[in-house]
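This report describes the fold of one protein chain. Please look at the sequence and the model before reading on.

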Amino acid sequence: MGEKTGYLVLSTGDILEGKWLGKIHASEGELVFNTSMTGYQEVMTDPSYAGQIVGMTYPLIGNYGFSEIDYESLNPALAGLIISHPCRTPEHYQSTLSLEDMINKYEIPCLFEIDTRKLTRIIRDHGEVYGRITSVMQDAPQQLKVDSEIVKRVSIQTTTQYKINSETHPHVVIYDFGCKHSIVRTLAELDCNVTVVPFDANPEAVKALHPDAIVLSNGPGDPEDLRYMTSNIREISESYPTLGICLGHQLVALAYGGKTKRLPYGHRGSNHPVKDLRTGKVVITSQNHGYAVDLDSNIMDDFQVSYMNVNDQTVEGLVHSHKPIMTVQFHPEAHPGPSDTQSIFQDFVSQIPVKGVKQYA
Ligand SMILES: NC(=O)CC[C@H](N)C(=O)O
């Protein structure tokens, strides 16, 4: 179709040639790959991918278009998208944009006709890879580490209320480290009042909102870069029932004296098997993370491991031994699925003591 040639220049020295989809926007970021066969809209709008160039291993992207209801945020924060074949003629009754419309609307740097198998092998072999999307083959990436301030870029600026039900419904305050909208939607569907606060909201400000429970959201970057937040997280999680999701899970571990480690090449996809160690049941989960809680760490005095990854035995969930704190590394809100673990939200909400109904001791 006469598209211009573009290059993905990698910190490994590899250069992959492709074509620009939509307008030309040079960009840099950490390279990651996602193995989901569906869910490209959710991936492209999940704030946890902020600053990352995402390679999709599934070869056809865009075939069911983009809908108004599947956004995970309204400001896609990923640094770029790398695909094999773009579908130009999406077919779905809810589709309002094609992939190219989406790329142009949100100015997402995107190359197609890239050898995504080769890219995936490079990431698997090297682990930490940075890259530049550019029209100039000689343009090497300058950014060679994860942005330590990335959460600040995606977190909400001011406290926002998403739903007001009657006072007998639980009020859940979400700390927004880069929260997927499906977390808000899932809690609202469970009839919760939901308030979202900035990632650095102090415990006094949160307590003044009179929450019944806290959710610590997913988000981008290295959890160690948010160590300065961990005293807030400790205080707030000791005061209210708390659910930590992905980055939120990692931050709870840090807040209670644990450590996190970088995974060899991350878990990003929607078919990751996880074992519930309490029941022995294996569930299939949606995942997007590059770090994990280190099992050797000393949080084990306070927490038990609730879920374990079946592929690499990494920690996938924690539960406090006597406080109502539970955390998961995977995404129970799923979107695009699978929904095997959505009951985690139901279980969390059903045990929240609501003001004037039950007392939390
Ligand atoms: N989805 C997330 O919350 C990701 C958490 C963290 N940024 C990681 O990559 O491990």
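## Terms and source

Two strands pair if DSSP finds at least two bridges between them. Helices (H or I, at least four residues) and strands (E, at least two) are DSSP runs, numbered from the N terminus.

The model is predicted: local features need pLDDT of at least 70, side-chain atom pairs count only at pLDDT 80 or more, and totals for chains, interfaces and linings use all residues. Residue numbers start from 1 along each chain as its sequence is written.

## Overall form

The protein chain holds 9 helices and 21 strands. Its C-alpha atoms fill a box of roughly 65 × 45 × 35 Å along the principal axes.

Of the 361 residues, 51% count as buried, that is, 20 or more other C-beta atoms lie within 10 Å of the residue's own, with C-beta atoms placed from the backbone. Two residues are in contact if their C-beta atoms, placed from the backbone, lie within 7 Å. Among contacts with a separation of 6 or more, 74% come from residues 24 or more positions apart.

Strands of a sheet pair through backbone hydrogen bonds, either parallel or antiparallel. Here, 10 strands form an open sheet with mixed pairing, in the order 12-14-13-15-16-21-20-19-17-18. Its edge strands, each pairing on one side only, are strand 12 (160-163) and strand 18 (282-293).

Within this sheet, strand 13 (residues 171-176) and strand 14 (residues 193-198) pair in the parallel sense over 6 bridges. V172 stands opposite V194 in strand 14. Helix 5 (residues 181-189) lies across several strands, including strand 13 and strand 14, and runs at about 155 degrees to strand 14. Such angles run from 0 to 180 degrees between N-to-C directions, and axes are lines fitted to C-alpha atoms, for helices over the stretch in contact.

## The closed barrel

A closed barrel of 7 strands runs 1-2-10-7-4-3-11, also with mixed pairing.

Strand 3 (residues 27-34) and strand 11 (residues 130-134) pair in the antiparallel sense over 4 bridges, and G29 stands opposite G131 in strand 11. Helix 3 (residues 116-126) lies across strands including strand 1 (5-10) and strand 3, running at about 95 degrees to strand 3.

Key:
A residue is buried if 20 or more other C-beta atoms lie within 10 Å of its own, exposed if 12 or fewer, and partly exposed in between; C-beta atoms are placed from the backbone.
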